[in-house]
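Follow this walk with the model open beside the text. It moves from loops to helices and then to strands.

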Amino acid sequence: MHILTYCGFILVISSLCIAASAKSANTCGYDACNPGDPNKLNVHIVAHTHDDVGWLKTVDQYYYGARNDIQYAGVQHILDSVIHALDENPDRRFMYVEIGFFWRWWNQQTDDIRNKVKQFVNQGRLEFISGGWCMNDEASTHYNSIIDQHTLGAEFLHEQFGECGRPKVGWQIDPFGHSREQASLFAQMGFDGLFFGRADYEDIQTRNRTKTREMVWKGSANLGEQSWLFTGILPNRYSAPNSFCFDFSCGDQPIMDDNHLYDQNVQERVQAFLQAARDEAAGYATNHIIMTFGDDFNFENADEYFKNLDKLIKYVNAQQANGSNVNVFYSTPSCYLYALNKADRSWKSKTDDFFPYAHHPHGFWTGYFSSRAAFKRYERHANNILQVTRHLNAFANTNARNTLFPLSEAMGVAQHHDAVSGTEKQAVAFDYAQRLSEGIQAAEGIINQAYAKLLPKDSQSPPIQFQFLCQLSNISQCLGIEGQERFTVTLWNPLIHQVTQHIRVPVRTDYTVRDPTGVTLFTELVPISQAVQNIPGRTSLTQKQIIFKVTLPALGFNTYYFEKKPDQERNEKSSVKITHNEECTLKNQHLRVHFDDQGNLHQIVNLDKNTGVQFKSQGFYWYQAFTGNNSRPEFQASGAYIFRPLSSDSQPVSTTRSITCIKAESVQTAIITFNNWASQEISLYDGGEHVEVEWTVGPIPINDNIGKEIILRYDTDIQSQSKYYTDANGREVLERKRDYRPTWNYTAVETVSGNYYPVNSRIWIKDEDQ
């Protein structure tokens, strides 16, 4: 049950408490927690490893310990070593997060090892925290995929470990900023709390001073208490206290306790730890503090690490006989959370998010919001296919869930904070993309099985031919239909309501298109822009596309039949009008968009409301990236993680531009070409109530050795009062204000990058007077 206690206007921690009248045979969960000493400063030692599911090396290389010349890391050896170390001493505890790795390891173990692990889990000595397939990014992920990757991990844990395997706490220690929607999702998943390691340096300073590093995060403006989650910011990001890293990769001194040796250092180490505990306690509100011992791929030699922690606990606690008030013990994040709940105090609340994150005045981690944009798009594409395949599998009752696992697993890996974020090395990005591609191929087989059941009208219907996904339709390429006399296109609507929209199919010649009832549809043949035709890697010679309007049923599909037109019909004069470098006005029943003869957007008018927006300018600009060596904050370089322009002034990508205006009955399009690597298509469909903007950028020229951060900017007459609104992972929207933070006095040093936020589905500005 949830216990919600109020103290004035501030919430006291909501926690899942043990409701059973008698304890179960297992002592996992809160039953297994050391309550500490109410009269002492209780230090919860949390032994952990942070295992990136791909980053500098691929996920396979990290698991096996391959390519250690890149980074020394082997997850299978970490898990082997930890299980052996836990078996050596029943007092030891360990927590693990990345189920994508643990699942691999588990599948390779003997029954004896599995039974031993289950025993540790049932005793609360090995605890799964967060429980996702990976530790997902929070900026560029979609809420749908966040839920899926956690479901994938939770299902495995439930199947193998039952209730004792259920994570109680979120653990987002390494993502580069934190989303309010992530907190809301965790609360709705039944988590009791969340801990993370990164927050803005000024935010941390303020929270240290006011003892508010722990709070109740209200994750939704609409869901109320079900979205509230106790949240804490860890003291050392997620590393060990200074000078107390006992991993073989560290250079810190071990605890040497043989009095017969000259290098005995127990007293010095104990005093240093006591001071570290007092220093940390100064920033926290209770007599319980958490200390993480571990880091990236730590505990490959768990015996070494635990042996030193055993000694540290022993000798620090021995000082209680001399009046020390510090009490140290092995713990887990959930046990630390439980202790805070038992403290029965009120906590400050938070309603905004933790974006953007800066670790110093020049280090705003906003560059990854757009790093590897092509992979970000591919991840969304793969997710669409995953959801549609699930629908078809269910409706057709094909029972192919296991066949879909490769795509589910690849999507789980892709949510990692060094995957969809775009911060991985190039070889790793290729590996992520290959996994998605192979998963999509597996899904394609399920789709065909489902359509084989769903498409036939009766037992007399001919066998359904193999269908394929046209995966490069975003660059107007579908090689499988090029030159075909006849083909079909089946469109699936994954939404719970009927949709009507225009469809584009790349073709070399004109076709007659019929709907499922045999009715011939109105179609138009329009050119594919030169910018799209010139995209590197595009092998199709197709220069045209058919546009036609479709209406699809809710959670349903329609099949459309294409037949090549005879020569005499193909030679009929087209009604499509094309002009170059002339004034262009796009207009339908609801909107009017005006461009001058040089391709400058001047105005968009809402004809229904008789209101309009004036544009002073619109187009692509670029910031020159700051080149630094990262040795000091002032030398921070711009890159995949951090966006830091050399100057706050942006430059246009070109001083001239050209415009091609295409007017058909179905769609009207203005193609604006800035140069040979930047262009945009602005389209208005018949009956449409919005303007569609599609841009093509790249390859960005780097022969001049100047880094270029490309932006698309709109300068309007809207009086926005420096406010703008962005979504959180495709769900709710938060208000932003330029050079402002709701929870501390913000110092605007980087006036450009400090005002960038993640945008997954929408961003807008508004004028209160309009």
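**Loops, helices and strands**

Asn399 sits in the loop between H11 and helix H12 (405-414). The model is predicted, and the angles given here are computed from it. Phi of Asn399 is near 55°, a positive value in a residue other than glycine. Is Asn399 buried or exposed? Its relative accessibility is 66%, so Asn399 counts as exposed.

Phe299 also has a positive phi without being glycine, near 80°. The loop that holds Phe299 runs between strand S10 (288-293) and helix H9 (302-318). Phe299 has 0% relative accessibility, so it counts as buried.

Next come the cis peptide bonds. One joins Phe355 and Pro356, with omega about -15°. Pro356 is placed in the loop between strand S12 (349-350) and helix H11 (373-396). Another cis bond runs from Gly698 to Pro699, and its omega is near -10°. Pro699 belongs to the loop between strand S28 (692-697) and strand S29 (708-716).

Turn now to a pair of helices. Two packed helices are described by the angle between their axes and the distance between the axes. Helix H5 (residues 143-161) packs on helix H6 (residues 180-188) at an angle of about 40°, and the axes are 11 Å apart. H5 is therefore oblique to H6. The crossing of H5 past H6 is right-handed. Which residues of H5 and H6 meet? H5 brings Tyr143, Ile146, Ile147 and His150, while H6 brings Glu181, Gln182, Leu185 and Phe186. Five of the residues in this contact of H5 with H6 are nonpolar, two are polar and one is charged.

The strands follow. Strands of a sheet pair through backbone hydrogen bonds, either parallel or antiparallel. Three strands make an open sheet in the order S13-S18-S15, with antiparallel pairing. Strand S13 (486-493) and strand S15 (511-514) are its edge strands, and each pairs on one side only. From one strand to the next, the twist averages 25°. Four bridges link S15 to strand S18 (residues 556-564) in the antiparallel sense. Val513 has Phe562 in S18 as its bridge partner.

Strand S21 (residues 591-595) pairs with strands S20 and S22. In a regular strand the side chains alternate between the two faces of the sheet. In S21, Leu591, Val593 and Phe595 form the covered face, and Arg592 and His594 the uncovered one. Strand S20 (residues 584-587) pairs antiparallel with S21 over four bridges. Thr585 stands opposite His594.

The bridge partner of Phe595 in S22 is Leu601. S21 and S22 make a hairpin with five residues between them. In the turn, Gly599 has a positive phi of about 85°.

A further hairpin is built from S27 and S28, with six residues between the strands. Its turn contains Gly687, whose phi is positive, at about 80°. Strand S27 (residues 678-685) and S28 run antiparallel and are joined by six bridges. Glu681 has Glu694 in S28 as its bridge partner.

Two single residues complete the tour. Cys661 lies in strand S25 (residues 658-663). Cys661 has a relative accessible area of 4%, so it is buried. Its contacts, not counting residues up to four places away in sequence, are Lys577, Ile578, Thr579, Cys584, Leu586 and Thr669. Cys661 and Ile682 are 21 residues apart in sequence, and their C-alpha atoms are 9.7 Å apart in space.

His502 is found in strand S14 (residues 499-507). Is His502 buried or exposed? With a relative accessible area of 15%, His502 is buried. Leaving out residues up to four places away in sequence, His502 touches Ile547, Phe548, Lys549, Ser666, Tyr685 and Asp686.

Terms used: Residues numbered from 1 in each chain as written. Predicted model: local features only at pLDDT ≥ 70, side-chain atom pairs only at ≥ 80, totals over all residues. Heavy atoms only, no water. Helix = DSSP H or I, 4+ residues; strand = E, 2+ residues; numbered from the N terminus. Buried < 20%, exposed > 50% of the residue type's maximum accessible area, 1.4 Å probe, protein only. Pairing = 2+ DSSP bridges. Axes fitted to C-alpha atoms, helices over the stretch in contact; angles between N-to-C directions. Parallel < 35°, antiparallel > 145°, perpendicular 65-115°, else oblique. Left-handed = near helix turned anticlockwise from the far one by under 90°. Contact = heavy atoms within 4.5 Å. Nonpolar A, V, L, I, M, F, W, Y, C, P; charged D, E, K, R; others polar.
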